[in-house]
Every structure is written in C-alpha cells, then in structure tokens.
Amino acid sequence: MSLLLQLLLNGLIAGSIYSLVSSGFSLIYQVNKFMNFAHGSVLALSAYLFYSLSSMTEFALFFLPIIPIISGFIGLGLNRSIYRSLRKGKSTSGVLLIASIALMILLNALIQSIWGAAVRIIQVKNPIFEILSLRITLVQICIIVFSISIFFILYFLMKKTKLGKAMRAVSDNKEVAQTIGINSEKIYDYIFFICSAIVGAGGVLIGIEQNLSPQMGIALVIKGFTGAVIGGLSSIQGAIAGSFILGILENLGILWLPSGYKDAISFIILFLFLLIKPSGLFGKKMREA
Amino acid sequence: MAFINYVIHILNLTGIFGILTISLNLSVGFTGLLNLGHVGFFGIGAYTTALLALNGVPLILSLLIGSVVSFISGIILGLPTLRLKSDYLALATLGFSFILSSLAKNWIGLTRGALGLPGIPRLIHDNTLFLWIVFGILIVVYLLVFLITRSRFGKVCEAIRDDELAAKILGKNTFLHKILILGISAFFAGLAGGLFASYLSFVDPSIFGLGDLILIFSALIIGGLASVKGSFLGIIILMTIPEPLRFIGFPIYLIGPAREIIFGIILLLILIHKPRGIFGRADIS
C-alpha cells in the first residue's frame, strides 16, 4: 500500500516536472502555431547556467530569481533572431518546426562543448522529509507548488488580462487581430519571454532535483509534448493536466515493467492518444489534416 | 597512404548517408511528410541486420530483412499519425526515434545496451572494394527513387504535398499513398542502416543520435526538397565541411558537438536565406 502511495507521489512529482515544459510548449503552439522543440533546450541551458553561477559563490539561491529572467531573454532572443526572420520570409509552420529542431540540436551540442558530456551536480541543500512513510524532498515540494501555481497564473493571464486577450486574439486569427491594432510580433515576443522564463525556473528546480546532463532538455521536451498531447495541445490547462496523468501512469507502470522502460511507456501512451483521441482529453475538437 | 585510407573511409560514409538522405527526400521532399524519425529507421535496419547476421543468417539476407522490418515499422508508425496534421507526424516520429534509442539502451538481453554489438560480418573486408559496393547500391537507390518519383505513384505523392484536398477530390487514396511512401522511405533507410552496421562491423545506441538527424536534414534542405541530385550534392557538401577540423588539431572529443553546431547553423541559415536550397522544387509544408 505504501509502495503504491509512494509511486503515486513520484508520479505527481514527475507530472509537475513535465508540466513545466508542456505548459510553455502548448502556449507557443497555440499562439505561434508551431511546435517549438527547442523549448526543452532553453530549460537545459538555464539549468547549466545556474550550475555555473552557483558553483562560483556561496549564495547560490541568490541566483534563483535571476535565472528565469535570463531564460526569458534567451527565448526572446531566439524568437527575434531566428523565428522572426523566418516569419518575415513567409515560412510555414513546418519550416519553423525544422528550425526549432536545428536549434534544439545546436543548443544541446553547445551545452556539451561548454560543460562536457559528464553528469553535473548542483550543490544545494535539499533535505528529505518523511511524512507517513512517504519520502519527498524540499525541492520536489517546490516543483509541485510551482507547477500548480503556473496552472493558475497562466489561467488568470489568458482569461483575465488584456495581454491574455490579445494573445488569444492572435491565436484565433492573426490577420483580424492585426487589423484591430494588435501587434502580433509583440505578442510573440511576450509569449516567448513568459514561456522561456517558466521553463527556465523549471530548469533550475529540476537541475537541483536531478543531475544535469546535456540530453536533459531533449528528454524533457519529449515528455512535455507527450503530456500536452494527452491533455490536449490546444489547451494549456489540458496540457498541464495531461502531464500529471503521464507522470502518474509512467510511475505506476513500474509495478509491472523495469524502470528502464519508463520512456517506452510514455511513447505507447502518445501513440495510443494519436490513434484514438488526437485532440487530447481536454482539447478542442480538431479537424483532420 | 593513411590519408588516402581516410578519404576512402569518408567516401564510404558519404555513400551510406547519401542513401539515407535520398530516402529521406522521398517522404519529406516528394510527399511533404515531416518525418523526423528517419534515424529510427536507420537504426532499426542496422540492429536487425546486426542481430540476424550475428546469429548466422547470411549477410545479404540479413540486410534485406532489416530493410523489410524497417518498411513495416514505417507503416505502423504512419497508421495513427498520417491522418492528422503534419505536425503530429513530426511529434510521433521524433518520439519514435527517441524511444528506439531508449529501447536499445535498456533491452540489454537483445542489444547488450550501451556496449553495442561488435563483430558484425562485413560485406567485404577491403575498404576500397566496400566503397564500390556502397556506390553501386547508392546508384541503384538513386535510380529507383528517380523512377518512383517519375511514376504515376510518385506524381500523386507530389500532388498530395502540393494540395492534398485536390488529390482527394480527384479520387486518389491519399492516405494509402502517404503510408506507402513512408514505408518505402523507411525501407531504404533500413538498407542504409544495415550497410552502416556491416561497414563499421559494430552498432550501438548512438546510431539513433541526433547528430545524424541534423546531418541528413541539413543535407536534404541544402540540396533542395524533391530533388534527388540535390540530396546527393547536399550530403557531399555536408560531409566535407567539418573534415578540416580534424586536420587543424581540433580536440577530438569536441568534434562530435562541433559538427552538430556547424550543421545546425548551416540549416538555420539556409532556412532563413534560401529555404529552397540549391535544386529545390518545393517548399516545406
């Protein structure tokens, strides 16, 4: 019984981690209309930046609020330098997608050549609590709290603020939004800044919790989009909920399969959803091709 | 002498990756399918060929079975995804190659995990003769792909890329065409994988790596979509560009990432400034 509860808790933690990626992935997909595979690499880059900054000084946590801002500007820079030039050339979403793959591999290789292929560990105290024989670390609690607050913050942003309304307008119909005076390029900048800041903060937390390896970004973006497809790519809340479902299913799967097959479980779930319910559990109904 | 041997080695790899790029062009260039799982098919061909050949199946037969297994996996992968918007195919195919890498690492009983499978028989021992065989196969694949794209079947595939709805209205079964072309594309990728495994007489999970994915995508786009000779030229350009790094004393352990960075930058520049590449006849869907 306690094993089952512990697995559920681990699933909840994994789900929060995935949701930090999937929320931004789905928001960029909704508004910018392309799948940004480089999203996970921004996470990895932020984690490594935090690693370097924190190993230089005693007050590592001082950098905690700074990293998301840097990550936000990294995302903004990528949008301005690459995606915007592509949009100017009237590129299709397929071109943007391939560019994001190129960026993902490029950033991954960049991390590997700066920090090396070896696993890195961030030296920050991370006490373990034991509640009713369930084990959870302080950072894991932070991750869960952070991901739940992202859920509500993004909901509030999209539904209640003027900026959110403008984002939804661009998402629904870019041309009409422009004719009523919304600068879509500005909206894209905001989207990239916000999503990259979220994923950057996530990168710091995940970096403390797990070890750093150059591939972490790619591994996480795959989990992120799987979670987003489960919940529905067309809804941020769905994507976050889908990530939790994915995390829990993966961890419960360990009851029957060796833990090395976690990734295979998530791919089978992705495959099944694409086959049976491609719009996801909470997404809007999608037109075929 | 050592230099000549090295050139022959690079030419062998160029030939094998040439087959891979040309086959990628079938699905991405000619039919407009965003297939990011091509290294997955490459790896399936390599592992199947390796496992069969190591268990006593004649090498030629193993190569053929490897390609067929790859064909079947292409069909299976296409079944749920080809009905959806093309981004979903990109998602599923990328996940597919990633999952294969994870299986190859974890299914130790079959693949020996990260240790890889050594001692795969070679088609022929001598590298120079191997090069002739590789180029012979490359030419055959080149001609076959050329014929496929000139056939009625290939024309329908191009019509699907340009306007799928119109092709449907004309009574074409677009789903069948898409799934077959993905399978054929996977077939040749599997063949390239088998050749690769036999050439190195070794295969390990790094075959599913992203380095090869960015290599063939950059080659495809630099050469131009829907142009077979473009793919051929593209792979020659991209295999040559990073080579000087080895001769100017660049640290060996950085060459892998450096290649990926170079390919990534080239691909981004091409996409921004000349998205049709050199001989391209189509845009990315």
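**Helix α4 of chain B in a predicted model.** Helix α4 (residues 86–106) of chain B has 21 residues. From first C-alpha to last, α4(B) reaches 30 Å, close to the 30 Å expected at 1.5 Å a residue. The model shown here, as in every view below, is predicted. Most of α4(B) is covered, with 16 of its 21 residues buried.

**Helix α2 of chain A.** This helix takes in residues 39–56 of chain A, 18 residues in total. Its first and last C-alpha atoms lie 27 Å apart, close to the 26 Å expected at 1.5 Å a residue. α2(A) is mostly covered too: 14 of its 18 residues are buried.

**A patch of positive charge on the surface.** Seen here are Lys33(A), Lys159(A), Lys160(A), Lys162(A), Lys165(A), Lys284(A) and Lys85(B), which gather in one positive patch. Two helices of chain A, α5 (138–160) and α6 (162–172), each supply at least two residues of this patch.

**Lys162(A), a member of the positive patch.** Lys162(A) belongs to the positive patch and lies in helix α6 of chain A. Is Lys162(A) buried or exposed? Its relative accessible area is 74%. Exposed means over 50%, so Lys162(A) counts as exposed.

**Met167(A), in helix α6 of chain A.** Met167(A) lies in helix α6 of chain A. Its relative accessible area is 0%. Buried means under 20%, so Met167(A) counts as buried. The view also takes in Val31(A), 136 residues apart from Met167(A) along the chain. The C-alpha atoms of Met167(A) and Val31(A) are separated by 6.6 Å.

Definitions and conventions: Residues numbered from 1 in each chain as written. Chains lettered and ligands numbered in written order. Predicted model: local features only at pLDDT ≥ 70, side-chain atom pairs only at ≥ 80, totals over all residues. Heavy atoms only, no water. Patch = residues over 30% accessible without salt bridge, like charges linked within 9 Å, V, L, I, M, F, W, Y side chains within 5 Å. Areas by Shrake-Rupley, 256 points an atom, 1.4 Å probe, with all protein chains shown as cover. Salt bridge = Lys/Arg side-chain N within 4 Å of Asp/Glu carboxyl O. Lys, Arg positive; Asp, Glu negative; His and termini not counted. Charge placed at Lys NZ, Arg CZ, Asp CG, Glu CD. Helix = DSSP H or I, 4+ residues; strand = E, 2+ residues; numbered from the N terminus. Buried < 20%, exposed > 50% of the residue type's maximum accessible area, 1.4 Å probe, protein only. Expected span 1.5 Å × (residues − 1).
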